[in-house]
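Okay, thanks for coming, everyone.

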Amino acid sequence: MSERTKTRHTSTTPGTGYGRVSTESMRAIVESSGRRRSFWQQLALIGPAFVAGAWQFGPGNLTTAVQAGSGYQYTLIWVVVVSTILMIFLTDMSVRLGIKSPVSLISSIKDHLGTPVGVLAGIGVFLITLMFSVGNAVGAGLGLSMLFGGAPIMWTVICTVAVASLLLFRNVYRVIEKVLVVVVAAMAVAFILSAFIANPDWVSAASGLIPTAPDGAWLLIVALVGTNFSVNAAFYTSYGTKERGRTEEQYRDVTIVDTIPGIVAPGIMTSLVIVVAAAVLGSTGETAGTIVALAGIFEPLAGPVGSTLFALGFFGAAFSSMIANATAGGTMLSDGLGRGASSGSRTAKIVSGAILAFGVTVALVFQQAPVQLIVIAQALTVLVAPLLAVLIIVMANRRSLMGEMRNRWWQNVLGVVGLVSVVALSVRLVLSLAGG
């Protein structure tokens, strides 16, 4: 009788039994929560969000930041801050989906919302990465040319070969993740030092945190939101989370050491580029609409060391985005076609290689990133980004999939704000493209 009573008491433990979490699982969670991970164990959780941040922080991001700083000084820093906050919450949803879904995100979408929806998401992301591969390839070559001289196209080919060689590793994602974490750290150092060398007016820079919209700045605001609130990158985070085998009991630590820092880092670097552009151009009275032009003005002001640091940061942004772009495009198209959801699958490697080949081929033919491809990439983003945002929010709310990790009301509020921002961005870009 006492044993029966004891069994009944155990089976009715809150949160266990009756189709919820098993007693054994609950005990494991409680025991693990009582153990604090060491510093090195927490560092081992760093990865997926930094890959997303590296993909987000590319040549397009830097170009819009330079234009913001050169055209409007510090006044648009707030746009980067708001976009980064929205990006954190959407990425967090993707991380939780990666933890809870028994299969990849696109495969889970197929199971819950229908195969055509999952296939459409995979193909859409692939087409975006295909178009953006050109700008990344050209940007990486240009960055090394700024550092070491020589023809940018030569360095573009070298960078493409270097990235392609990473695809040959058996555990592709783990290798790429480690490379990108190191590159992001190097970029952070480069841009922080560049900002201090530029000697900006930090009080004025702080005033840029107050939302204002200068006359004629709306198109640039839209561009800043588009490059800093990257739904594609947030979507892909679930894949990295799944490949790293993250568990529910690791979620809190993952949020602290990976999700937040991984997304905040590119936001800080973008803000620092705005600060550098505003400080340098404010000191010289000159104008610059591109990274190359800014670097040219920055050199006499900051000396060769300062310009080298800035060029190093630019190369890191292009090269890291080049790696993440090809890997994400290959993985998600492979998953969409039902040919494997891992970056190490044969199909994913072939598609990633094709993305790299497309970028370097177009760069060789045109010696630059053709404007038409940039327009096409923007148009594809207009169509695909809102779809991906909706899919993340819808899937993160499915009780049967997410259980206790499904979205709370406040997470949905912020998710909807992000979705509205993406839709507004899409409408504005459609109007811009339609207007020529």
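So, to start: is Arg244 buried or exposed? Arg244 counts as buried, at 14% relative accessibility. By buried I mean under 20% relative accessible area, exposed is over 50%, and partly exposed is in between, with a 1.4 Å probe and protein chains only.

Quick housekeeping. This is a predicted model, where local features need pLDDT of at least 70 and side-chain atom pairs count only at pLDDT 80 or more, while totals for chains, interfaces and linings use all residues. Residues are numbered from 1 along each chain as its sequence is written, and side-chain values use heavy atoms, with hydrogens and water left out.

Okay, back to Arg244. Its partner is Glu177, and the two form a salt bridge with the closest N and O atoms 2.1 Å apart. For us, a salt bridge is a side-chain nitrogen of Lys or Arg within 4 Å of a carboxyl oxygen of Asp or Glu. This pair links distant parts of the chain, 67 residues apart: Glu177 sits in helix 10 (residues 172-198), Arg244 in the loop between helix 13 and helix 14. Helices here are DSSP runs of H or I, at least four residues, numbered from the N terminus. Glu177 is buried too, with a relative accessible area of 3%.

How many salt bridges does the structure hold? There are 4. Another one joins Glu248 to Lys100, with 3.3 Å between the closest N and O atoms. That pair also links distant parts of the chain, 148 residues apart, with Glu248 in the loop between helix 13 (231-243) and helix 14 (251-284) and Lys100 in helix 6 (residues 77-100). Glu248 is partly exposed at 36%, and Lys100 is partly exposed at 26%.

Then there's Arg252 with Asp253, a salt bridge at 3.7 Å, N to O. Arg252 is exposed at 60%, whereas Asp253 is buried at 9%.

Now back to helix 6, for a helix contact. Its axis and that of helix 12 (residues 218-228) come within 9 Å and cross at roughly 35°. Axes are lines fitted to C-alpha atoms, for helices over the stretch in contact, and angles run from 0 to 180 degrees between N-to-C directions.

Which residues make the contact? On helix 6, look for Trp78, Val79, Val80, Ser83 and Met87, and on helix 12 for Ile221, Leu224, Val225 and Asn228. Contact means heavy atoms within 4.5 Å.

Notes: Helices (H or I, at least four residues) and strands (E, at least two) are DSSP runs, numbered from the N terminus.
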